[in-house]
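Welcome, and please open your viewer.

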Amino acid sequence: MSEATVDPQRRTWLITSAAVGGAGAVAAAVPFVRSFAPSERAKAAGASVEVDVSKLQPGEKLVVEWRGKPVWVMRRTPEQLASLEQVEDQLADPNSERKAYPTPPYAKNRHRSIKPEYLVAVGICTHLGCSPVDKLQPGPQPSLPDDWKGGFLCPCHGSTFDMAGRVFKNKPAPDNLEIPPHHYVSDTVVLIGEDPPKA
């Protein structure tokens, strides 16, 4: 068909249809393309988390989320700290030397923390990812030994951890609870997600 025989009205209709169709395609694509960008929640998931421990009483624990994981911040009592030495011969890795979940150098001590009073640990069992529950009361209890000093029990497969998150011998969990990078930005605020600044 030659250009001389094309109806001008039809040409206008084709151009208009193409323009409207193109605009519609762009309008439909914008939300789709925008969905490739990370959400605000996703951006925040990798961010460090500040935790004020000033109101945490001895024996209390709070849970915060960091990178999608529950992180425990627990203020241990003097009795709970004393129990750490009493159970060392029952632990699979009392000095946190295993490499599956490396312990930061500043937490390679009996209490596995910067400040002995405060435990900062990821609350996920190193066996299959269940979340251990508090079994802080010493003494005989179901699923626990009669000489239990207090700690945590994974309800899925029975792994037990002391008050520093160290796993007991002959349990399914292959490693101690993970200690996340953290440091104190003041006497009462801990920043989870960053190692202490180098001196």
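**Before you start**

You are looking at a predicted model, in which local features need pLDDT of at least 70 and side-chain atom pairs count only at pLDDT 80 or more, while totals for chains, interfaces and linings use all residues. Residues are numbered from 1 along each chain as its sequence is written, and side-chain values use heavy atoms, with hydrogens and water left out.

**Stop 1: the whole chain**

Show the protein as a cartoon: there are 3 helices and 9 strands.

Of the 199 residues, 35% count as buried. Buried means under 20% relative accessible area, exposed means over 50%, and partly exposed lies in between (1.4 Å probe, protein chains only).

**Stop 2**

Select strands E2 (61–66), E3 (69–75) and E4 (118–122). They form an open sheet in the order E2-E3-E4, with antiparallel pairing. E2 and E4 are at the edges with a single partner strand each, so one side of each has no neighbour in the sheet. Two strands count as paired if DSSP finds at least two bridges between them. E2 and E3 are joined by 6 bridges, and E3 and E4 by 5 bridges.

How many of its residues are buried? The count is 5 of its 5 residues. In a regular strand the side chains alternate between the two faces of the sheet. Here Tyr118, Val120 and Val122 point one way, and Leu119 and Ala121 point the other way.

**Stop 3: helix H3**

Select residues 78–86, which make up helix H3, and colour its buried residues Gln80, Ser83 and Leu84. Viewed down the helix axis, these buried residues fall within an arc of 115 degrees, so they line one face of H3; the arc is that of the directions from the helix axis to the C-beta atoms. The buried residues pack against strand E3. Turn to the face away from the buried side and you will find the exposed residues Pro78, Glu79 and Glu85.

**Stop 4: the nonpolar cores**

A nonpolar core is a set of buried Ala, Val, Leu, Ile, Met, Phe, Trp, Tyr and Cys residues joined through side-chain atoms within 4.5 Å. The largest one has 18 residues, and Leu119, Phe152 and Phe161 have the most contacts inside it. E3 and E4 are the elements that give two or more residues to this core. Apart from it lies another core of 14 residues, among them Val49, Trp66, Tyr118 and Val190.

**Stop 5: Cys125**

Cys125 lies in the loop between E4 and strand E5 (133–135). At 4% relative accessibility, Cys125 is buried. Contact means heavy atoms within 4.5 Å; leaving aside residues up to four places away in sequence, Cys125 touches Cys130, Cys154 and Phe161, among others. Draw a distance between the C-alpha atoms of Cys125 and Cys156, and you will get 9.3 Å for two residues that are 31 apart along the chain.

**Stop 6**

Finally, select E1 (49–52), E8 (182–184) and E9 (residues 189–192). These 3 strands form an open sheet in the order E1-E9-E8, with antiparallel pairing. E8 and E9 pair over 3 bridges, and Tyr184 stands opposite Val190 in E9.

Val53 sits in the loop between E1 and E2. Is Val53 buried or exposed? At 1% relative accessibility, Val53 is buried. Its contacts, not counting residues up to four places away in sequence, are Val73, Tyr118, Thr188 and Val190. Val53 and Val190 are 137 residues apart along the chain, yet their C-alpha atoms are separated by 7.4 Å.

Technical notes:
Helix = DSSP H or I, 4+ residues; strand = E, 2+ residues; numbered from the N terminus.
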